[in-house]
Amino acid sequence: MKRSCWLLAVGCWLVPGLASALPDSALPDSTMVDSVGGVDGRLARPSTPHPRWAMVWAGGARHSRFRTRLGIRHRDFYMAGIRFAWQLPVSERLAVDYFIDFVPLIVSTNNPTGFHEPPCEPRGEMPVVCEDLIMETATTRGYGVSPIGLQLRVFPGSRIQPLLGLSLGAAWYDKPVPDPDETRLNFMGDLAAGVSIRAGLSGAVVLGIRQHHTSNANTGRVNPGIDSRVLYAGFTRTLGRRGQR
C-alpha cells in the first residue's frame, strides 16, 4: 500500500515536470497545440504527427455489488493511475487518442478469502443441524497496467469535449480475486464516458464514469468475474511547449 502511494505521488510530481523538460523545438512559437483542451475554441494544427499528453486520475465505486458462493455481497473498489497518450487528429469534430494506463493502486474491500463449515451442534432431541457456510473476507490490494487504450473526443478544439473510451489490461493482486479458488492474476477492461473541461493553456479536468470488469479469462478453477461502475476524475497536461496565443 505504501509503495503504491509513493509511486502515485512520484507520478503526480513527474507529469508537470515532463512538460517543462521537453526541448523548445517540440513546438514552434507561432503554433499553439493543446491536445486536450484546444485553443480559443479552434482546432490547432500540431507541428508533430502525434501530440502527447498525460493524465493523473483516481476513481472509486462504493457499495458495488458482486456475486459470491453465498449470494450477492458488496464491496468498495478504488483505483488510481497515470495515463500517457498520443493524439491522432481525425477532423475538426473528432480526435482519437491512443493511451497506456499504469495503475499502481487498486483496492477492493470485502474480498472472499475462505469458506468453512461451522461446528454442528445438536438441538435438544432434534437431529443435528449445521449452519450455512461461513465466508471469511479481507481487503485486497493490487496493481496493473492497461497497454491497450483508445479514446474518442468530440469537438477536440472546444473548451468542453465529450469523451468515450475503451481500455484492456491486467492486474496482479495480493490475494485471489474474487474467490479463494480464483487467481491473483486477473484481466481487466474498462468502458468509459465523460467530459474534458479545458483548464489553462495546456491542461484540462476530466470527469466521468467507467464500467470496470475483472476476470481471469478461465485460467483459474472458477471464473465468477466482477463489475463495478467507477466514478473517476483526473487532470491532464500536454507534454510539450505551451506556445503562445
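The dialogue below turns to confidence, then strands, then the surface.

Tutor: This is a predicted model, in which local features need pLDDT of at least 70, side-chain atom pairs count only at pLDDT 80 or more, and totals for chains, interfaces and linings use all residues. Residues are numbered from 1 along each chain as its sequence is written, and side-chain values use heavy atoms, with hydrogens and water left out.

Student: What pLDDT does the chain average?

Tutor: pLDDT is the predictor's confidence in each residue, from 0 to 100. Here the chain averages 80, and 72% of the residues score at least 70. Over residues 37-48 the pLDDT is below 50, and this stretch has 36 contacts in the model beyond near neighbours in sequence; contact means heavy atoms within 4.5 Å. Residues 1-10 also stay under 50, with eleven contacts beyond four places in sequence. Where pLDDT is low, the predicted coordinates should not be read in detail.

Student: How many bridges join strand β1 to strand β2?

Tutor: Strands are DSSP runs (E, at least two residues), numbered from the N terminus, and two strands pair if DSSP finds at least two bridges between them. β1 (residues 52-68) and β2 (residues 71-89) run antiparallel and are joined by 15 bridges. They form a hairpin with two residues between them, and Trp53 stands opposite Ala85 in β2.

Student: Which residue in β3 stands opposite Tyr78?

Tutor: Val107 does. β2 pairs with β3 (residues 94-116) in the antiparallel sense over twelve bridges, and four residues link the two strands in a hairpin.

Student: Where do I find β7 and β8?

Tutor: β7 covers residues 160-173 and β8 covers residues 185-198; they run antiparallel, with 13 bridges between them. Ser196 in β8 stands opposite Gln161, and Ser196 also stands opposite Val206 in β9. Twelve bridges join β8 to β9, again antiparallel. This hairpin has four residues between its strands, and Gly200 in the turn has a positive phi of about 85°.

Student: Which residues make the nonpolar surface patch?

Tutor: Patches are made of residues with over 30% relative accessible area and no salt bridge, nonpolar side chains being joined within 5 Å. A salt bridge is a side-chain nitrogen of Lys or Arg within 4 Å of a carboxyl oxygen of Asp or Glu. Accessible areas come from the Shrake-Rupley method with a 1.4 Å probe. Ile160, Ile197, Val205, Leu207 and Phe235 make a patch of about 400 Å².

Student: How exposed is Leu207?

Tutor: Leu207 lies in β9 (residues 203-215). With a relative accessible area of 42%, Leu207 is partly exposed, that is, between buried (under 20%) and exposed (over 50%).

Key
Patches are made of residues with over 30% relative accessible area and no salt bridge: like charges are joined within 9 Å, nonpolar side chains (Val, Leu, Ile, Met, Phe, Trp, Tyr) within 5 Å. Buried means under 20% relative accessible area, exposed over 50%, partly exposed in between (1.4 Å probe, protein chains only).
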